[in-house]
Amino acid sequence: MPSSLDHGQLLPSSPGKSKSMNRQVYRCFSSTSTMFLWALFLIALTVSYLSFQSIGSPYLSSSWGGSRWEKQVRLSARINRRGGMAVLVTGAGGFVGSHVSLALKRRGDGVVGLDNFNNYYETSLKKARRSLLSNNGVFIVEGDLNDAKLLAKLFDVVVFTHVMHLAAQAGVRYAMKNPLSYVHSNIAGLVTLLEACKMANPQPAVVWASSSSVYGLNEAVPFSESHRTDQPASLYAATKKAGEEITHTYNHIYGLSITGLRFFTVYGPWGRPDMAYFSFTKSILQGRPITIYRGKNRADLARDFTFIDDIVRGCLASLDTSGKSTGSGGKKRGTAPYRIFNLGNTSPVTVPTLVRILERHLKAKAKRNIVDMPGNGDVPFTHANISSAQRELGYKPTTDLETGLKKFVKWYLSYYGYGKSVN
Ligand SMILES: O=C(O)[C@H]1O[C@H](OP(=O)(O)OP(=O)(O)OC[C@H]2O[C@@H](n3ccc(=O)[nH]c3=O)[C@H](O)[C@@H]2O)[C@H](O)[C@@H](O)[C@H]1O
């Protein structure tokens, strides 16, 4: 008897062979249906595995909705102090978002995170932050800002008193590589979020992350909120500036309380791997060269590097003093606060000095490759005037770059180990 794997038997050369052909066709058909049944079985197995995963590990679920999900959202939003707030923190899997979420939760506020866990930088770091938050009772909903249905659902499940909007496409130079990602998150995502806030009843107060980069080519120092911000040097800066204008219209038309925070080069433990202090650390430990940009006339570039703990205090003070939105259900009922503050450190440090401090803490020498600053959206220096934030928020940065980098290096070595970081 020929084997069913004998392909020659499936190709009859004359009618006399038709009986054997029918048998083969039947076999073939029956093996196709067996395969179909197997495929069904595998699909069923995969589906049950995925649902088991989401039951066993709720903080890793990428889907939303359902009574179990709602229960997690409500639990995370529960307020545990008198006069506390219920805050939706967007970008909670990010650097600043994870720190602010933890600080709010620790003092007894309700916190629900939202993050799309995109792969702009290593997602394993974002997931590690998520685990840290989950261990502290903060649930991060995995979803995109542009998902209006998800936002509506969140506002339906929780009466948020505040929104801390920190989700964004960050990075000054990456805007030349992927410009539309900035439009997606920093413009479209912002508008989708504000639409949800405007419709909520009661409306939450909104505090959100603008950027020192809005000062662009401004040369008056230190940068004050009243200085011109109509000369952005990068698309990133332009989208943040647009965000300031967009939030203003929602304040004006719908009575949303808005506070925009211009962060100055925030750094620290659990930071962003795309930033210079972070990528320099990795390269120094791995013995790879670092590129240091230099400005016009060989001038060193400088930044008003601001430590994460100072920024967190500024964020919490902004939430605490935000005042109320006046509208509800899309209707304005009176004027609401519109504020913008610089949150910087007020003492710029040059990039070569940053490298020298890192070398000291890492006990390793950097291989320097000094090049003229390419036309990539960078600005030569930043320097914050923080008197408004001091006056109205009680903001007072306390960590200098030396101390802050020491804390960062300690965290980096404990997280990655010496020279072993991924990517
Ligand atoms: O305040 C902000 O609003 C922004 O701060 C941050 O931007 P920047 O101040 O540009 O920080 P960062 O990239 O660390 O470069 C620091 C310095 O190192 C120089 N730099 C950088 C890379 C390199 O390879 N070489 C180099 O010399 C570089 O020329 C610069 O002089 C955030 O990333 C941004 O998302 C936004 O939040």
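Predicted model: local features only at pLDDT ≥ 70, side-chain atom pairs only at ≥ 80, totals over all residues.
**Entry 1: α6 against α7**

I started with helix α6 (residues 179-199) and helix α7 (residues 235-254). Their axes come within 10 Å and cross at roughly 15 degrees. Angles under 35 degrees count as roughly parallel, so I put α6 and α7 down as roughly parallel to each other. The crossing of α6 past α7 is right-handed.

Next I listed who touches whom. On the α6 side I noted residues including Tyr-182, Ile-187, Leu-190, Val-191 and Leu-194. On the α7 side, Leu-235, Tyr-236, Ala-242, Gly-243, Ile-246 and Tyr-250 are among the partners. Sorted by class, this contact has 12 nonpolar, four polar and three charged residues.

**Entry 2: aromatic pairs**

How many aromatic pairs turn up in a search of the whole structure? I got 29. I looked at two of them.

Phe-223 with Phe-264: the ring centres sit 6.3 Å apart and the planes make 45 degrees, so I call this pair tilted. Phe-223 is in the loop between β5 (205-211) and α7, while Phe-264 is in the loop between β6 (258-263) and β7 (266-267). That is a link between distant parts of the chain, 41 residues apart. Both Phe-223 and Phe-264 are buried.

Phe-278 with Trp-411: here the centres are 6.0 Å apart with planes at 65 degrees, so the pair is edge-to-face. Phe-278 belongs to helix α8 (residues 276-286) and Trp-411 to helix α12 (residues 401-416), so this pair ties together parts 133 residues apart in sequence. Phe-278 and Trp-411 are buried too.

Most peptide bonds are trans, and most residues other than glycine have a negative phi. I noted some exceptions.

Asn-297 is not a glycine, yet has a positive phi of about 55 degrees. I found Asn-297 in the loop between β8 (289-294) and β9 (302-303). Is Asn-297 buried or exposed? Exposed, at 77% relative accessibility.

Lys-363 also has a positive phi, about 50 degrees. Lys-363 lies in the loop between α10 (351-362) and β13 (367-372), and is exposed with a relative accessible area of 73%.

How values were computed:
Residues numbered from 1 in each chain as written. Heavy atoms only, no water. Axes fitted to C-alpha atoms, helices over the stretch in contact; angles between N-to-C directions. Helix = DSSP H or I, 4+ residues; strand = E, 2+ residues; numbered from the N terminus. Parallel < 35°, antiparallel > 145°, perpendicular 65-115°, else oblique. Left-handed = near helix turned anticlockwise from the far one by under 90°. Contact = heavy atoms within 4.5 Å. Nonpolar A, V, L, I, M, F, W, Y, C, P; charged D, E, K, R; others polar. Phe/Tyr/Trp six-rings, centres within 6.5 Å; stacked < 30°, edge-to-face > 60°. Buried < 20%, exposed > 50% of the residue type's maximum accessible area, 1.4 Å probe, protein only.
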